[in-house]
Amino acid sequence: MGYNENFMKEALLLAAETVKESRGEPFGCVIVREEKIIARASNQLHRTNDPTTHAELEAIRQATREQASPDLSDCELYTSGEPCPMCEAAINWSKIPVVYMGKTLEDAREAGLVPAPGDEAPAYTAYHKPVHMGEEDPYDIWEKINSDN
């Protein structure tokens, strides 16, 4: 495939429309397969109050439902801004091999969209607290079902 400026313009237009319609921050994304857009989305955070509704995640959700598969390894993703760690994880899980971005993390910082290094919200604290579930342990159930196949 390879870079196509028209797809990037589409992602940037989605981002611009989101801001103009007072729906949120300027992020838009399109996913392309065989030179056709198969999914398009913009940031929905301010509409849904759901912090996982970034443009990239919304487009990936749309594309995987449309393709009836979590595997988007034959697609390219065009996004208005550099993906956050959450979106990077989803891109990796969906196996999208190529990402084109219109703006960098530094561009986002300069625009006031991303905090400066050191000003980020504090990370959460995680604790591993195993509980013995016996026959109801979900991992054991998973292993048993999949070893029987």
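Me: How many residues of β3 are buried?
Reply: In this predicted model, seven of the seven residues of β3 are buried, so the strand is largely enclosed by the rest of the structure.

Me: OK, and how many bridges join β1 to β3?
Reply: Five bridges join β1 to β3, and the two strands run antiparallel; within that pairing, Val30 stands opposite Tyr78 of β3.

Me: What about β3 and β4, parallel or antiparallel?
Reply: β3 pairs with β4, residues 98–103, in the parallel sense, again over five bridges. Tyr78 has Tyr100 as its bridge partner in β4, while the partner of Thr79 in β4 is Met101.

Me: Which strand order does the sheet have, then?
Reply: Four strands form an open sheet in the order β2-β1-β3-β4, with mixed pairing. β2 and β4 stand at the edges with a single partner strand each, so one side of each is left without a neighbour in the sheet. Neighbouring strands are turned by 15° against each other on average, direction ignored.

Me: Which hand does the β-α-β unit have?
Reply: The unit made by β3, α4 and β4 is right-handed.

Me: Staying with that helix, why does Ala90 count as buried?
Reply: Ala90, which is placed in helix α4, has a relative accessibility of 17%, and the cut-off for buried is under 20%, so Ala90 counts as buried. Leaving aside residues up to four places away in sequence, Ala90 touches Leu57 and Ile60. The C-alpha atoms of Ala90 and Pro70 are separated by 10 Å, with the two residues 20 apart along the chain.

Me: Switching topic: which residues touch the most other members in the largest nonpolar core?
Reply: That core has 18 residues, and the ones that touch the most other members are Ile31, Ala59, Ile60, Ala63, Leu72, Leu77 and Ile96. The elements giving two or more residues to this core are β1, β2, α3, β3 and α4, and α3 gives the most, with five residues.

Me: Where does α3 lie?
Reply: α3 lies across β1, β2 and β3, and runs at about 140° to β2.

Me: And what does Leu77 touch?
Reply: Not counting residues up to four places away in sequence, the contacts of Leu77 include Cys29, Val30, Ile31, Glu56 and Ile60, and also Ile91, Ile96, Val98, Val99 and Tyr100. There is also a second, separate core of seven residues, among them Met8, Leu14, Val32 and Tyr78.

Note on methods. Residues are numbered from 1 along each chain as its sequence is written. This is a predicted model: local features need pLDDT of at least 70, side-chain atom pairs count only at pLDDT 80 or more; totals for chains, interfaces and linings use all residues. Side-chain values use heavy atoms; hydrogens and water are left out. A nonpolar core is a set of buried Ala, Val, Leu, Ile, Met, Phe, Trp, Tyr and Cys residues joined through side-chain atoms within 4.5 Å. Buried means under 20% relative accessible area, exposed over 50%, partly exposed in between (1.4 Å probe, protein chains only). Contact means heavy atoms within 4.5 Å. Two strands pair if DSSP finds at least two bridges between them. A crossover is right-handed if, with the strands pointing away from the viewer, the path from the first strand over the helix to the second runs clockwise. Axes are lines fitted to C-alpha atoms, for helices over the stretch in contact, and angles run from 0 to 180 degrees between N-to-C directions.
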